[in-house]
Amino acid sequence: MSIDIETARKVAHLARIKVEDDALPALASEFNTILGFIEQLQEVDVDGIEPMVSVEPMRLARRDDVVTDGNQQTKVLSNAPDAREGFFAVPKVVE
Amino acid sequence: MTLNTLKIADARDALRKGDVTAVELTEACLAAIDGASALNAFAHRTPEIAMERARAADQRIKAGDAPDLCGIPLGIKDLFCTEGVESQAASHILHDFKPEYESTVSAQLRDAGAVMLGKLNMDEFAMGSSNETSTYGPVVNPWKIDDRSLTPGGSSGGSAAAVAADLCLGATGTDTGGSIRQPAAFTGITGLKPTYGRCSRWGIIAFASSLDQAGPMARDVRDCAIMARAMCGHDPKDSTSADLPVPDFEAMLTGDIRGKTIGIPREYRMDGMPDEIEALWAEGRAMLADAGAKIVDISLPHTKYALPAYYVIAPAEASSNLARYDGVRYGHRARLAQGDGIVEMYEKTRAEGFGAEVKRRVMVGTYVLSAGFYDAYYNRARKVRTLIKRDFEEAFAAGVDAILTPATPSPAFGLGEMTDADPVQMYLNDVFTVTVNLAGLPGIAVPTGLDRQGLPLGLQLIGRPWDEGDLLNTAYALEQAAGFVSKPTKWW
């Protein structure tokens with residue numbers, strides 16, 4: 001498996017990280033080093049083995065379906081880069 | 001005054017006897033911190049909070065209501081959210097983030113009367129083994145043998161350096177692939193990673209949720225036992241937190257390990273491992289045998305695949321967890337150009353906010369989870385993880401009580417020495433520790449010797465799940481036998 005520049009560009013976009021064109025070849029090369037390392041996993045016989053879901057067997061706890069928290073608008077917005085009139089503000093999404 | 005050099009257990013006893021006050025202890029640590037800027041261990045200092053909590057602790061001690069950690073000055077890793085105090089995971093993307101809430105673990109410490117001195121430097125989002133990925137700049141190891149500055153290890157490098165340099169009596173760390181145990185070994189201190197689910201992850205900034213676990217870093221096994229008791233416990237706010245009673249770990253430290261079986265895994269003997277690490281391991285084996293344990297050679301056949309499995313699973317989880325840093329709710333937002341929409345905002349914000357290693361891991365994680373590669377990489381890695389855990393289960397089922405390994409493949413290396421190496425070279429630091437996270441087990445690094453240059457080296461003990469008490473006791477026996485008392489010479 002080898003990652004070319006177009007794949008690196010696509011992965012960067014999927015991850016929503018801007019990578020300038022001139023940085024893509026180095027990025028693709030790093031990916032290839034890491035993926036080359038990961039490639040060893042193909043040697044392992046995993047036939048009939050279940051993928052691990054939870055490292056300690058435990059049933060996820062359930063709680064009553066009731067409201068236990070809320071009414072903290074000021075606290076929720078206190079670290080926002082741009083908050084207006086009780087909302088998070090972002091650039092226009094829909095024309 | 002050398003109150004900042006006390007062990008937690010001794011400080012506790014002195015506080016209760018009235019020989020010292022929490023205010024005096026705290027002032028000694030704050031002065032030590034102010035004099036240690038060259039180490040860059042503390043990223044944010046909180047002297048006002050510290051003094052307020054110290055005064056409250058003195059009141060509590062006077063009133064006879066003093067848990068073990070009441071009045072004990074601690075450092076808190078920057079990964080823990082602390083109410084009203086910068087909590088940035090050493091990342092620019094969380095610049096100036098001040099949570100409105102307190103993580104469960106740091107709240108438990110606070111409620112036990114512990115004094116928070118400040119927030120400790122670390123690798124960005126706990127991704128690193130040398131502390132060089134921090135937005136605050138690297139921490140410098142207090143151990144020094146020539147004109148080079150050495151790494152304290154990572155990711156909990158600030159915690160390790162602060163404890164080793166006597167800036168605090170203990171510190172919190174977190175461990176996803178070795179981030180408590182490797183820096184503990186590099187700085188000659190003791191660090192415990194509890195069983196996955198022992199400490200609540202609530203309020204700890206997430207890296208890889210199925211691997212992350214908080215734990216104590218302190219001067220010795222007893223201090224780790226004292227801190228662990230206060231940090232562990234069930235929390236309904238973390239659905240993977242175990243609803244199990246937390247024993248008095250300190251009371252379990254008898255040092256008697258007669259009849260215990262210690263496994264030595266043959267796969268941990270790596271090609272090219274330095275002789276000194278090999279010798280240290282052999283000495284540890286002999287010490288435990290002298291203490292009356294039975295030593296058996298064991299096999300953990302999938303060890304070799306732990307690091308590659310980790311470097312699929314951890315980036316995959318990180319890519320998902322770090323999706324939340326989008327410039328909308330908290331932290332950094334990029335300045336936008338005319339006509340930029342929301343996608344440009346995300347892409348520019350994340351490009352500016354994340355450092356190189358974090359970006360690399362997020363993108364690797366995105367790739368292994370992407371359509372067409374999910375089965376080949378992510379699902380296969382999770383199957384290998386099942387096999388790695390099975391190796392340990394079989395060893396424990398055969399009667400092994402604990403497993404002894406080296407903690408790291410080398411002593412501390414120089415800051416900047418790995419800059420030109422490919423990322424995989426840095427990942428190899430975690431070769432002995434990462435299996436423990438994949439299997440969810442408790443592990444502890446204990447300093448047991450110095451290399452010929454005078455740098456500390458540590459051994460790791462791995463225990464059965466939920467049996468930290470027995471593991472700590474085995475570590476205590478090893479500590480007693482090794483008699484490691486060396487401290488770095490103050491140069492800072």
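The model is predicted, so local features need pLDDT of at least 70 and side-chain atom pairs count only at pLDDT 80 or more, while totals for chains, interfaces and linings use all residues. Residues are numbered from 1 along each chain as its sequence is written, and chains are lettered from A and ligands numbered from 1 in the order in which they are written.

Take the helix pair α9(B) and α11(B) to begin with. Contacts (C-beta atoms, placed from the backbone, within 7 Å) link B:V312, B:P315, B:A316, B:A318 and B:S319 of α9(B) with residues of α11(B) including B:R361, B:V364 and B:L369. By class, this contact comes to eight nonpolar, three polar and one charged, where Ala, Val, Leu, Ile, Met, Phe, Trp, Tyr, Cys and Pro are nonpolar, Asp, Glu, Lys and Arg are charged, and the others, Gly among them, are polar.

Chain B puts 56 residues into the contact and chain A puts in 37 residues. On the chain B side, two or more residues each come from α9 (306–321), α10 (342–353), α11 (356–369), α12 (374–397) and α13 (423–427); these are DSSP runs numbered from the N terminus, helices being H or I of at least four residues and strands E of at least two. The largest share, 11 residues, belongs to α12(B). This side of chain B has 29 nonpolar, 11 polar and 16 charged residues.

The loop between α9 and α10 of chain B holds B:A337. With 8 other C-beta atoms within 10 Å, B:A337 is exposed (12 or fewer; buried takes 20 or more, partly exposed lies in between). B:G440 is 103 residues away from B:A337 in sequence and 46 Å away in space, C-alpha to C-alpha.

Now for the strands, which pair if DSSP finds at least two bridges between them. β7 (residues 261–265) and β8 (residues 294–298) of chain B run parallel and share five bridges, with B:G263 partnered by B:V296. On β9 (residues 402–406) of chain B, β7(B) has a parallel neighbour joined by two bridges, and B:I262 stands opposite B:A402.

Technical notes
Two residues are in contact if their C-beta atoms, placed from the backbone, lie within 7 Å.
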